[in-house]
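Open the model in your viewer and keep the selection tool ready. The tour goes stop by stop.

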Amino acid sequence: MGRYPFTVIGVLAGRGADSGGLDRDDVVFVPLTTAMRNLDRREWVTDIMCAVASPEQMDSVELQTAALLRERHGLPAGAADDSQIQKPLETLQLRAEAAHAMTFMLTAIGGVSLLVGGIGIMNIMLVSVTERRREIGVRMALGARVRDIRLQFLFEAALIGLVGGVVGIVIGWAGAQVLSRGFDWPTVVSIEAVLLATASAIGAALLFGYYPAHRASNMEPLDAIRLES
């Protein structure tokens with residue numbers, strides 16, 4: 001390592017990545033004093049890890065550790081600490097806050113996507129209703145009920161949403177595979193995410209497709225046929 005020779009005396013079992021994403025298999029262990037003297041060229045340690053017997057003792061141990069470090073470092077009363085103590089709870093809390101922020105951001109992006117897609121579906125259905133007025137009028141003249149016309153257009157809107165959802169799921173799955181293989185980022189597409197995406201797409205289509213369906217079902221048969229002619 002550098003210009004200092006070392007002898008490999010053993011190989012540890014594989015551990016994989018830790019909770020922070022650090023590869024625990026991509027490390028070597030050398031004697032502490034040798035690393036400090038030859039590799040880092042220093043006489044002090046930068047990190048100390050310790051454990052407590054129970055979580056209830058964490059606060060008191062933190063205070064005792066801070067007092068001991070100040071005493072060992074010879075800090076006078078009133079001087080600022082020259083060391084920092086981090087607790088796992090604080091790290092977990094920061095990670096949870098980051099996860100919540102990411103979830104909120106992704107949810108907002110998904111909501112905007114559903115809004116844009118829903119508006120597009122509504123416009124498509126309105127154009128479809130306008131172009132199929134004669135069909136609507138003939139069906140109603142032959143006995144189709146208001147709810148039959150409404151259900152027909154709602155079904156078509158749901159079908160558009162389903163097709164769009166399937167296309168989006170396929171693109172998302174392909175993107176996950178690219179990240180997994182190209183960037184070595186493990187990704188999993190769960191069945192729950194697929195079902196949620198499908199339900200959201202269909203739900204948005206039904207919500208925005210209701211107005212065109214309602215408009216089609218409220219047409220007067222004679223007016224629809226006369227307008228088409």
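**Stop 1: salt bridges**

The structure holds three salt bridges. Here a salt bridge is a side-chain nitrogen of Lys or Arg within 4 Å of a carboxyl oxygen of Asp or Glu. This is a predicted model, where local features need pLDDT of at least 70, side-chain atom pairs count only at pLDDT 80 or more, and totals for chains, interfaces and linings use all residues. Residues are numbered from 1 along each chain as its sequence is written, and side-chain values use heavy atoms, with hydrogens and water left out.

Select Arg 42 and Asp 40. Their closest N and O atoms are 2.8 Å apart. Arg 42 is buried, at 18% relative accessible area; Asp 40 is partly exposed, at 41%. The cut-offs: buried is under 20% relative accessible area, exposed is over 50%, and partly exposed lies in between (1.4 Å probe, protein chains only).

Next, select Arg 70 and Asp 81. This salt bridge has its closest N and O atoms 2.5 Å apart. Arg 70 sits in helix 2 (residues 58-73) and Asp 81 in the loop between helix 2 and helix 3, so the pair ties together parts that are 11 residues apart in sequence. Helices are DSSP runs (H or I, at least four residues), numbered from the N terminus. Asp 81 is partly exposed, with 47% relative accessible area.

Now take Asp 148 and Arg 145. Here the closest N and O atoms of the salt bridge are 3.2 Å apart. Asp 148 is partly exposed at 22%, and Arg 145 is partly exposed at 45%.

**Stop 2: the largest nonpolar core**

Which residues touch the most other members of this 14-residue core? Select Ile 121, Met 125, Val 129, Ile 136, Ile 149, Phe 153 and Ala 216. Helix 3 (88-131), helix 4 (133-141), helix 5 and helix 6 (191-217) each supply at least two residues of the core. Helix 5 gives the largest share, four residues. A nonpolar core is a set of buried Ala, Val, Leu, Ile, Met, Phe, Trp, Tyr and Cys residues joined through side-chain atoms within 4.5 Å.

Zoom in on Met 125. Beyond its neighbours within four places in sequence, Met 125 is in contact (heavy atoms within 4.5 Å) with Phe 153, Glu 156, Ala 157, Ile 160 and Pro 212.

**Stop 3: helix 5**

Select Phe 155, in helix 5 (residues 146-182). Is Phe 155 buried or exposed? Phe 155 counts as exposed, at 58% relative accessibility.
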